[in-house]
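Okay, thanks for making time, everyone. I'd like to walk you through one model today, so let me put it up on the screen.

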Amino acid sequence: MSDAPAPAPIVPLPVRRRRLAHESTDSYIRRLAAANGTSASTVRLWLLEQGILPAGFDRDEWFAAWALLAGGSAARRRMRDGGPRVTERALCVRCARGEDASGQLTGLGLICLKHRVWIAPYDGGIADAASHRAERQFRAELVPAGLELPSAEMRFAQRLVALSVTPRWIAAHHSAGGTRSLPAALYPSQVAIASALFVRDGLHEIAREQDGGNLVACTEWIAAHIDRLSPVDEPWRAGALLGHAARTCAGLDTSAEFGHRAITNVLERLSR
Ligand SMILES: [Zn+2]
């Protein structure tokens, strides 16, 4: 038996906070500490000094201590790591009641449907009906197909739209769509393109027709259909660039693996 005094029991912090939907554990801990006038690092030192946390503690031990500090329902709800931090971003400020919170918003696009505002960057802009429809389409159609905002497919669609719009078009969308950031202005067209290319038809159709397909056929199909896929004002920009890229790449690598990843490579070459 050791004579070392037993560590003090953890009692809940005086100010409670509810964990928000989609909020990451790290964000919750940060917010809870701030509400109690302290910080996670100060609490960590105290826990070490009290012998509650052992030196070299792991994340499970860290979260277990915070579950007790949080008290209430948070203690019953197991606190744990959220997994790969691929989509950690700010939560809707209104959902967080004005506090600074973040989480892994898998399955969510750029709009909070509850509050009708753009999530990131949150700037108070109210999303219009077309943007709302895009958000619903993203959640209902693209997410079940395995696409998320950081996916290569979504980034590709965004680049394609960006190639096809002018500053005048962006300004018009800022005033009509309640948007104040470029990703928000591009979002409805981005969703439309991603849906057409990667979910509904487009590349999948070509893949069947071409029996394995090739980069040129795929890219030229996009160039020919860009104006049908997306409400942009200068589709020829994307079409011309993609057509040029297809011809260039055909001379370099005709055996390129078919598919959107090859096209993404084309755009990455273009954007360098
Ligand atoms: Zn919200």
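Predicted model: local features only at pLDDT ≥ 70, side-chain atom pairs only at ≥ 80, totals over all residues.

Before the numbers, a quick reminder: pLDDT is the predictor's confidence in each residue, from 0 to 100. The protein chain has a mean pLDDT of 77, with 71% of its residues at 70 or more. There's a stretch to be careful with, residues 252-259, where the pLDDT is below 50. In the model that stretch still makes 11 contacts beyond near neighbours in sequence.

The largest nonpolar core has 41 residues, and the members that touch the most others are A157, L160, V161 and A194. Which elements give two or more residues to it? On the strand side we have β3 (111-112) and β4 (117-118). The helices are α5 (129-142), α6 (152-163), α8 (182-200) and α10 (215-229). Of these, α8 gives the most, 10 residues.

Let me zoom in on L160. Setting aside neighbours within four places in sequence, L160 is in contact with I193, I226 and A238.

There's also a second, separate core, made of 11 residues, and A33, L53, W62 and L69 are among them.

That takes us to helix α3, residues 59-70. The buried residues in α3 are W62, W66, L69 and A70. Looking down the axis of α3, the buried residues fall within an arc of 90 degrees, so they line one face of the helix.

Last stop, R237, which you'll find in helix α11 (residues 235-252). Is R237 buried, exposed or partly exposed? It's partly exposed, because it has 17 C-beta neighbours inside 10 Å, and buried would take 20 or more. Not counting residues up to four places away in sequence, R237 touches L163 and S164. R237 and A223 sit 14 residues apart in sequence, with 9.1 Å between their C-alpha atoms.

Okay, that's my tour. Over to you.

Note on methods
Residues numbered from 1 in each chain as written. Contact = placed C-beta atoms within 7 Å. Helix = DSSP H or I, 4+ residues; strand = E, 2+ residues; numbered from the N terminus. Buried ≥ 20, exposed ≤ 12 C-beta atoms within 10 Å, placed from the backbone. Expected span 1.5 Å × (residues − 1). Arc of directions from axis to C-beta. Core = buried A, V, L, I, M, F, W, Y, C linked by C-beta atoms within 7 Å.
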